[in-house]
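Good morning, and thank you for joining. I would like to take you through a few local features of one model.

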Amino acid sequence: MAKTILYTEQLIAGALLNFERVSSLDISLLTKDFLKRCPDYELSDMELDYLKDYVEVEGSNISLKNGLNLNSYVPQNESNLRKRLEQIAGARIRKYFQEFNIEEFMLRKIEHYANIREDNVDSIFCKAQQDELKKLYEKGYLTTTWQDDAIYNDYREIKLSCFGKLKLFKIDNAEEIKRFIEILKSMRYDTNLLDDFLIKQDLDMPVWSVLDLVKLNEFCSCYDRTITEEGTSSINFIRLQSDKKTILGEQGKKLMEDMLSVWDNHCIYICHPNHLFAGAKPITADVREMANINWNDIDIERMLRINDYKTFITPDCSQAFRYVHERLGHQIMNEVKRGNKNGAVSYLVVVERYTFDYEDNYLVRGIIRGDYDGYSITFNPEYQKAIPQSTWEKSLRLGDHEIPAAYLVKRKK
């Protein structure tokens, strides 16, 4: 599809409505920004056909002619110069400047110079830009340093601070940072660490060399920062051994029974972790392994709404395990058939419903992980305390003669 062509002169007219003068660098930065934000347009080479009666060119600067200002009367449209410049700029350029981000523009201009002598500020920046310069100082985006290499000729320089460089990095890599934040959320990492982490990185490196989970872990270790969200626990899976004749060995059977058997007048639901846990999905295209979770941060309404779960109510867990085996096995084999044996990993979460204070409450029992080599399991520590340890305890639980402390608590749904 052909792009709409505008004249660079139109962009200059729009710039003069905002700045009393523009430099060749200003025009270059504005051109790049306009084309980025308006990809359906092209800008022609610069020719001052319509502006020549109102501007003068001195070196690399274009400014209004001496004696003219935006309120000056011009006969061409029987109005003032402001109206004439708006007419030359046209509707699309005017709209661009209505949404113009002068903060980003100034950061890029300062970045281009790298270091700016304070005594050159008046020649480099017009008044409107100098006003913005003060705002950048207030936000901490600029810093001033002394250069004293030559005796009796020391001077102060302005440059971007670490925060200013970070601001540009976040603008230039907005999509990548958004994706990285989603990864952090899925892993239950504290996203509030991100700015502090990035400040310590070399932001001139490729973006995915900066947005690196290994580096984030090293940063938290070095500066004694907790990497996970409040209330989050690390997940430590126990590999369930199998023997030649059965799917699970004796220890594996015992642990699976502890996860799936129902001893009280309760029931359990088995579903995908993405359907139960609140917040960001713990398993995504970028995050295939579950490493951390907040056991209490669940959304039962989401699970019920998606309606992709199975309910079990008996002490005999054979049916529940058959469901787990078939569902995980189907998902794992689909990945293996695609040639993704190493990535053939799938999860199910078990959540128990119990009644307390005449209301339904829910306690996550744990997570079952399946891969090509078999099963692993991890328990919620709160539930693990409530697992009966003997036949006698199980019989008491079946008759509701004993209620563990885990079921005498109101829990968030």
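**A loop and a helix pair**

I begin with Y358, which is exposed at a relative accessible area of 81%; exposed means over 50%, buried under 20% and partly exposed in between, with a 1.4 Å probe and protein chains only. This is a predicted model, in which local features need pLDDT of at least 70, side-chain atom pairs count only at pLDDT 80 or more, and totals for chains, interfaces and linings use all residues. Residues are numbered from 1 along each chain as its sequence is written, and side-chain values use heavy atoms, with hydrogens and water left out.

Y358 sits in the loop between β16 and β17; strands are DSSP runs of E, at least two residues, and helices runs of H or I, at least four, numbered from the N terminus. Although Y358 is not a glycine, its phi is positive, about 65°. D357 belongs to the loop between β16 (346–356) and β17 (359–371). Its phi is also positive, near 55°, and D357 is likewise not a glycine. D357 is partly exposed, with 43% relative accessibility.

I turn now to the helices. How do α2 and α4 pack? Helix α2 (residues 24–37) and helix α4 (residues 102–113) meet at an angle of about 130°, their axes 11 Å apart. Axes are lines fitted to C-alpha atoms over the stretch in contact, and angles run from 0 to 180 degrees between N-to-C directions. The two helices, α2 and α4, are therefore oblique to each other: under 35 degrees is roughly parallel, over 145 roughly antiparallel, 65 to 115 roughly perpendicular, and the rest oblique.

Contact means heavy atoms within 4.5 Å. The contact includes L25, L29 and D33 of α2, and F105, R108 and Y113 of α4.
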